[in-house]
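Hi everyone, thanks for coming.

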Amino acid sequence: WWVEEDVGYTRHGEARRRLGEVLVQLLDLVKDSSKAEMKAAAFGALQNLVTGSSTAFRHVAQTNIAEKVVLLAQAQMKSLPHVAIADGCRLLTLLCAGPRSHLRKVTDANALALSLELLKRLEVHREIASAALVLLSVVAPQEDGIRPDTLELCAGVVKRFPQQVREELAWARTPVSGAILALLPKEV
């Protein structure tokens with residue numbers, strides 16, 4: 001317990017919680033911005049906060065952040081493909097960790113539809129397609145629920161970008177679909 005006191009986990013919990021609230025509100029401010037870099041910065045700050053503090057993660061995951069991230073990623077997809085979309089997928093993947101209520105919030109925000117749309121429209125963008133594939137593997141119904149045409153689309157992404165998909169899988173803090181994992185080539 002003294003390590004937590006020294007490092008500041010318990011002392012600065014309230015500040016991290018407030019920071020989470022501010023960053024969630026920041027998403028509202030950047031949604032109308034034409035600069036994708038601002039969205040990427042907001043997503044990155046939230047990623048760092050939720051991976052660095054379990055208290056902040058629990059608080060942020062209970063907000064309506066998933067809906068905001070999905071809407072921002074959809075809006076960005078309609079303008080210009082940008083790394084901000086991949087950052088949004090990574091944040092959604094992180095938010096699925098923990099109790100089932102976290103995963104439910106992400107799925108209720110239509111993250112499955114977002115990941116499918118990204119795979120269909122932006123499958124040639126390495127970082128976006130790989131992040132969308134990992135998000136799909138986390139939010140898709142297990143095994144039976146993934147349609148054959150979706151698996152075919154996923155197989156194309158894995159074939160094109162196997163190393164990137166492996167790297168993106170590190171963002172998943174929950175079990176991923178075995179059907180999608182089976183698409184990865186065996187490592188030598």
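If the word is new to you, a disulfide is a covalent bond between the sulfur atoms of two cysteines.

Before I go on, a word on where this comes from. It's a predicted model, where local features need pLDDT of at least 70 and side-chain atom pairs count only at pLDDT 80 or more, while totals for chains, interfaces and linings use all residues. Residues are numbered from 1 along each chain as its sequence is written, and side-chain values use heavy atoms, with hydrogens and water left out.

Back to the cysteines: are Cys96 and Cys154 buried or exposed? Cys96 is buried, at a relative accessible area of 2%, and Cys154 is buried too, at 0%. Buried means under 20% relative accessible area, exposed means over 50%, and partly exposed is in between, using a 1.4 Å probe and protein chains only. In the chain as a whole, buried residues make up 46% of the 188 residues.

Now the overall layout. The chain has 12 helices and zero strands; these are DSSP runs numbered from the N terminus, with helices being H or I of at least four residues and strands E of at least two.

Let's zoom in on one pair. Helix α3, residues 36-52, packs with helix α6, residues 83-95, at an angle of about 25°, and their axes are 9 Å apart. The axes are lines fitted to C-alpha atoms, for helices over the stretch in contact, and angles run from 0 to 180 degrees between N-to-C directions. So α3 and α6 are roughly parallel to each other, the label for angles under 35 degrees. Who's touching whom? The contact includes Phe43 and Leu46 from α3, and Leu91 and Leu94 from α6, where contact means heavy atoms within 4.5 Å.

Asn110 sits in the loop between α7 (100-108) and α8 (111-121), and it's partly exposed, with a relative accessible area of 47%.

Last stop, Ala182, in the segment after α12 (178-181). Ala182 counts as exposed, at 55% relative accessibility. Its C-alpha atom is separated by 9.5 Å from that of Ala155, 27 residues apart along the chain.

Terms used. Parallel < 35°, antiparallel > 145°, perpendicular 65-115°, else oblique.
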